[in-house]
Amino acid sequence: MTEVLFFIEVVVAGLLAGTMYSLVALGFVLIYKASSTFNFAQGAMVFFAVLAFVGFMELGLPFSLAFVVTVLLMVLVGFCTERMVLNPLMNQSEDTLLMATIGLGFVLEGLAQAAWGVEVRRLDLGIGDFPIEWIIDVFGLFVSALDLTAGIVAAVLIIGLALIFKYTRMGLGLRAVADDPGAASSIGIPLKNIMLLVWSAAGVVALVAGMMWGARAGVQFALVDLALKALPVLIIGGFSSIPGAIIGGLIIGATEKVLEVYVGPFFGGAIEGWAPYVLAIFFLLYRPEGLFGEKIIRRV
Amino acid sequence: MEQKVNNKNVFMGYTRSDLTNFLIVMILSFVAIPLLVKTDYWYSSILIPWLCLALAAIGQQIVMGYAGQLALGAAGFMAAGAFACFNLILRVPDIPFFVALGLSGLVAAAFGILFGLPSLRVRGIYLMVATLASQFFIVWMIDKFGWFKNYDTSGIITAQDIVILGKPFTSPLEMYFVILVVVTVLTVLAVNMARGSTGRNWMAVRDMDIAAESMGISLLKTKLQAFAICAFYCGVAGALFAFTYLKSLEPVAFDIKLSFKILFMVILGGLGTISGAFIGAAFILLFPVLLNSIGNNVFHGAIDATIISSIEQVVFGVLIIVFMIYEPLGMAKLWGNIKQRFLRKRSLQ
């Protein structure tokens, strides 16, 4: 019985950690959906956003004000990106845009470090990374409060975004642009505004993801590498699907933890580092477009 | 008139100017540099790492610039090559250095084929993720299994001396010559592969793989060949890098950052040119040195070293974006443009 409980605990911890990956992956999906650009800078945006947030807090701003200022900063970043990177590169190949976003990532990482330094910061959200009492009492499971909060925040964010996409004018425009940018702009949908909106939304998602990760592991450069973990999540979920990002994150989180606990000891541990990527490869061989992605048909 | 003579095929499809350029570079690197450069600093901190990284960049160039496969795992293959070389010299008695080097390239190539397999199904960013697996897996494997490190617990292993025909090559100048020979041979090989049918197949696959396939080019063979050759070059480069520059073997040296660096060398240098690999490697290597010396000499250390490295990162990022927008073909093309303008001016006079 304790073994079963332990297994459930591992899976739950994995699932909740997975929602953190989902949060990062969500930022990728937002931008990919609207512009078929794979934004490699998303990890750097996570790092940049949360470092800015901590920086503002250190200046003495209260939590809410620091959050608002950082959101505005991320909108500014989105604006500059749209004007200075995406606009000049319009109609270029996907690979070119990808490489440009790698460059953008470097700029953001460098700027963040130049402005706020390289040392590891602590971020206290007032939620501890310790098990919740009543869950232990009722179910006999150890579930971290921070993990649970991250899960709830991710859920709220995703439902919110899904509602905006589905029911607002802006969301309709966004879906039109995602479907066919040329046709959308020819009927008068403001492409630039849509892009700005999407990049800003991705910036806010990055900030939230960064705050969750930062509270757990400290605000540090390693966040950029953690964001690389969102890539296998995207491969499993499909690049253009928001539910895909969530389910992909859950799958990666759970599998990673289960493998680490049950298979890892045979190989000396730390297989978390590469297991998600190998899982993604097997997924690619079987279903290249991901669970929820659209099938890509290529012709000569 | 002169132009016509220059374009004539003199030897195996090369024009006379190609051959004179080659000769000039050879004389410069084998005779002029050793005669003129006397300080060890130049060899051990600039020329040796430059040649090693340029070799790895050629590998990246082959798989990305020629075959069009977005791969991001060069440092993983370098690690495989470095540790293969270490183990071969350690465990096989009296193995000649160049044989060990070649074999370690082949070990890396085997990894290249294995992790190149996903390229048959996916492309672009998907492939990038799949190749990231190789990066993380290879470094993890070396780190976790003690055998590869000869059960050394300190984590840093001193590389053996390079011994060729009983003579140890340990001074920076001697090692420079060893690397130069390897780089020359492999570069000439790469140029010829790129010009021959192998390279044409790569480029056909890069430009449109479905069209290439319908023309009878085997995607399986072409892509895996590109991955294998890329990994071979990276493996040899990694072994040389560890044995001559780092002088030690540690898996941490071959992390994802190095892979990114090599990627940038190729992007900034110019996709689809061998010379771009050398130009890009030189730029990526020299730029931080330049920035540091500006920081030290102009501002007299008033700027913090971490700030300088951050600025370096920003400038790299900006340069990549600028090159993507204005000159996607990179510095090699830029150089070509300058040369052409100069030549045109001369012919007008």
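Helix H4 (residues 74-91) of chain B and helix H5 (residues 97-116) of chain B pack at an angle of about 140 degrees, and their axes lie 8 Å apart. The model is predicted: local features need pLDDT of at least 70, side-chain atom pairs count only at pLDDT 80 or more, and totals for chains, interfaces and linings use all residues. Residues are numbered from 1 along each chain as its sequence is written, while chains are lettered from A and ligands numbered from 1 in the order in which they are written.

Helices (H or I, at least four residues) are DSSP runs numbered from the N terminus, as are strands (E, at least two). Axes are lines fitted to C-alpha atoms, for helices over the stretch in contact, and angles run from 0 to 180 degrees between N-to-C directions. Angles under 35 degrees count as roughly parallel, over 145 as roughly antiparallel, 65 to 115 as roughly perpendicular and the rest as oblique. H4(B) and H5(B) are therefore oblique to each other.

The crossing of H4(B) with H5(B) is right-handed. A crossing has this hand if the near helix is turned clockwise from the far one by less than a right angle, and is left-handed if anticlockwise. Residues of H4(B) in this contact include B:Phe77, B:Ala80 and B:Leu88, and those of H5(B) include B:Leu101, B:Val107 and B:Phe111. Two residues are in contact if their C-beta atoms, placed from the backbone, lie within 7 Å. By class, this contact of H4(B) with H5(B) has 12 nonpolar, 4 polar and no charged residues. Ala, Val, Leu, Ile, Met, Phe, Trp, Tyr, Cys and Pro count as nonpolar, Asp, Glu, Lys and Arg as charged, and the others, Gly among them, as polar.

H4(B) also packs with helix H6 (residues 124-144) of chain B, at an angle of about 30 degrees and with the axes 8 Å apart. That makes H4(B) roughly parallel to H6(B). Their crossing is left-handed. Among the residues that meet are B:Ala75 and B:Phe83 in H4(B), and B:Gln135 and B:Val139 in H6(B). This contact has 7 nonpolar, 3 polar and no charged residues.

**Two single residues**

A residue is buried if 20 or more other C-beta atoms lie within 10 Å of its own, exposed if 12 or fewer, and partly exposed in between, with C-beta atoms placed from the backbone.

| Residue | C-beta neighbours inside 10 Å | Class |
|---|---|---|
| B:Ile256 | 18 | partly exposed |
| A:Met74 | 24 | buried |

B:Ile256 is in helix H11 (residues 256-269) of chain B. Leaving aside neighbours within four places in sequence, B:Ile256 is in contact with B:Ala75 and B:Gln135. A:Met74 belongs to helix H3 (residues 63-86) of chain A.

**Core and chain contact**

A nonpolar core is a set of buried Ala, Val, Leu, Ile, Met, Phe, Trp, Tyr and Cys residues joined through C-beta atoms within 7 Å. The largest one has 202 residues, and those touching the most other members include A:Val198, B:Met78 and B:Ile320. Helix H10 (residues 219-246) of chain B gives the most to this core, with 18 residues.

The contact between the chains takes 34 residues from chain B and 40 residues from chain A. H13(B) gives the most to the side of chain B that touches chain A, with 13 residues. That side divides into 26 nonpolar, 6 polar and 2 charged residues.
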